[in-house]
Amino acid sequence: MKYCCECGGRVEARSATQGVGERYVCTACGRSYFASPRLAAACLVDIDGRILLTRRNTRPGYGLWNLPGGFIETSEPASRGAVRETLEEVGLEVEILRPYALFQIPAENVVQVVYLARHLGGTPRPGPESMEVGLFDETSLPWGDLALTTTREALRRYFSDSEAGEFGFLFAEIVRF
Ligand SMILES: [Zn+2]
C-alpha cells in the first residue's frame, strides 16, 4: 500500500517487533497497518469411512485434490467460512463437529484451520472452482496428487486416529503449503 486509508498520507514499510515481518505506518497520522497472516479454513467430511475431496480447476494446484475450503472473508467466523466454502465447492451441507488441525505456514503468511464436519444433506457435485469431487478411503485416496501439504498431514493423522479410535488435535508449522 502507498497511502493511508484514514488521512491519505504517505505510508512506509517498517520492521515490526524484533525485526519479524513488516508493517505499514502512515508518515502523517502514525496509523499502523498490519500485514497479518490470512486465515484459511477447510472441512474434513467423513461419509461412511470415505473422505470428501475436490479436484481444483484453478491455480495454484490446478488438477490436484484438496479438502473443500478457502480463505475466510472479512469478519466471518472461520467455522462459518468452512461451511460456506464446502457448500460452494462440493454442494454439501455440513455441520462443524470440532476443530481438528491448525497449521501455520509462515512462508505463505497463512494460517489454516481444518474442521471435522458431518454431512447433513446434498449430493456431492463440483462447484465453479472444482472439476470433480470424490469420496476416498485411505487406500483409494490420491496421496500423490494432493494440492496442499496441510491436506496430506491432516488426512494422514485422521486415518491414524480413526484406526486408534481416538481423535486428538494436530498443530503444526508447515514449511511449504
Ligand atoms: Zn494517516
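This is a predicted model: local features need pLDDT of at least 70, side-chain atom pairs count only at pLDDT 80 or more; totals for chains, interfaces and linings use all residues.
Visitor: In what order do the elements of the protein chain run from the N terminus on?

Guide: Residues are numbered from 1 along each chain as its sequence is written. Helices (H or I, at least four residues) and strands (E, at least two) are DSSP runs, numbered from the N terminus. The protein chain has 2 helices and 11 strands, and from the N terminus on they run β-β-β-β-β-β-β-α-β-β-β-α-β.

Visitor: How far apart are the end C-alpha atoms of helix H1?

Guide: The expected span is 1.5 Å times one less than the number of residues. Helix H1 (residues 78-90) has 13 residues, so it should span 18 Å; this agrees with the distance between its end C-alpha atoms, 18 Å.

Visitor: Which residues of H1 are buried?

Guide: A residue is buried if 20 or more other C-beta atoms, placed from the backbone, lie within 10 Å of its own, exposed if 12 or fewer, and partly exposed in between. The cover over the buried residues of H1 includes strand E4 (38-47) and strand E8 (93-105). Those buried residues are Gly81, Ala82, Val83, Glu85, Thr86, Glu89 and Val90.

Visitor: Is Gly121 buried or exposed?

Guide: Gly121 sits in strand E9. Its C-alpha lies 5.1 Å from that of Glu93, 28 residues apart in sequence. Because Gly121 has 9 C-beta neighbours inside 10 Å, it counts as exposed.

Notes:
Two residues are in contact if their C-beta atoms, placed from the backbone, lie within 7 Å.
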